[in-house]
Amino acid sequence: MLDVRRLSLLRAFSVHGTIAATAEALHLTGPAVSQQLAALERETGVPVLEKQGRTLRLTAAGRLLVEHAEVILGDLASAEAALESLRGGAGGPVRVAAFPSAARTLLPEVWRLLAGDARNEAGGPPGQPGLRIAEHEPDAAVESLRRHETDIAVVHAYSLLPREVPAGCEQHHLMEDPVLLAVPPALAAEHGLAPGDALDLALLAGRNWLMPGSETSCHELTRRACGAAGFVPRPVAVASDFSVLTALVAAGAGVALVPRLALPAALDGISLHPPAHPVTRTVSALLAAGTAGQPPLRRVLECLVAAAGRRA
């Protein structure tokens, strides 16, 4: 019978990529990791690792075992969550990684809800929630979750830029966030548009564009949306902070596609319009498979759903 601990070690190698990084992540020595993986090969009767130059990589059998390990470890996590729920265990702090606009709009509400829970348990003023927050773009948040450095990753996927659910993870839908065109009011008047009227992107082909940084999926979303309208956007400003882009829109510097969650509180000097061909981004919470039943994670997930429902 295959040893679950060795399967877990192989799965960790698939995430970290080297024996040394796997050993460091699991607080083991390199030789100990190598010995356990060698023992797994003896159990299976087939090589699970092979040399590629000076590095090791998974064989076809190794990749197959990792796929099964994701399922097995998810089932074990689910069983542990059910037992913890029966015991009524509180667990430790919940680590949440979220993209910037979700961190700004959803997580403060989650914090308030959890602080209310702590107050009700202890009596008196609001308590300190068992929450640890990090701001990460979706790819970095997923990687942090895969490395077990995060318990919940709040991510997004655009309708024009879908994102697969990573292996070994489960997805919980939070909300649909519409993407809007932010333009100067004079431009909207030029086209006879009232606030909220749909605007065809093709009409903006010759305009200056204000775009997120090229390292973000929001940048690629703008390129794809404009490409579908038949043109390549001409950026005159690039900034990963949407408040910078909207401030530039208000100054008349150009136009931008902005998700509703990313809009600043003050919208003076900006006219907002849905694209004629709607674009949305789906906001989701990702957890390691089987862990959503753990009481602390389940409560944070409930608060995320409530916060997203209020925003939606």
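Helices here are DSSP runs of H or I with at least four residues, strands are E runs of at least two, and both are numbered from the N terminus. The model is predicted, so local features need pLDDT of at least 70 and side-chain atom pairs 80 or more, while totals for chains, interfaces and linings use all residues. Residues count from 1 along each chain as its sequence is written, and side-chain values use heavy atoms, leaving out hydrogens and water.

**Exercise 1.** Work out which residues of helix H7 are buried.

*Solution.* Start with the cut-offs: buried is under 20% relative accessible area, exposed over 50%, partly exposed in between (1.4 Å probe, protein chains only). Now go along H7, residues 138-146: Pro138, Ala141, Val142, Ser144, Leu145 and Arg146 are buried.

**Exercise 2.** Find the aromatic pair and say how its rings are arranged.

*Solution.* Step one: rings of Phe, Tyr and Trp (its six-membered ring) pair if their centres lie within 6.5 Å; planes under 30 degrees apart are stacked, over 60 edge-to-face, the rest tilted. Step two: searching the whole structure gives one pair. Trp209 and Phe231 have ring centres 6.1 Å apart and planes at 40 degrees, so they are tilted. Trp209 sits in strand S7 and Phe231 in the loop between H9 and strand S8, 22 residues apart.
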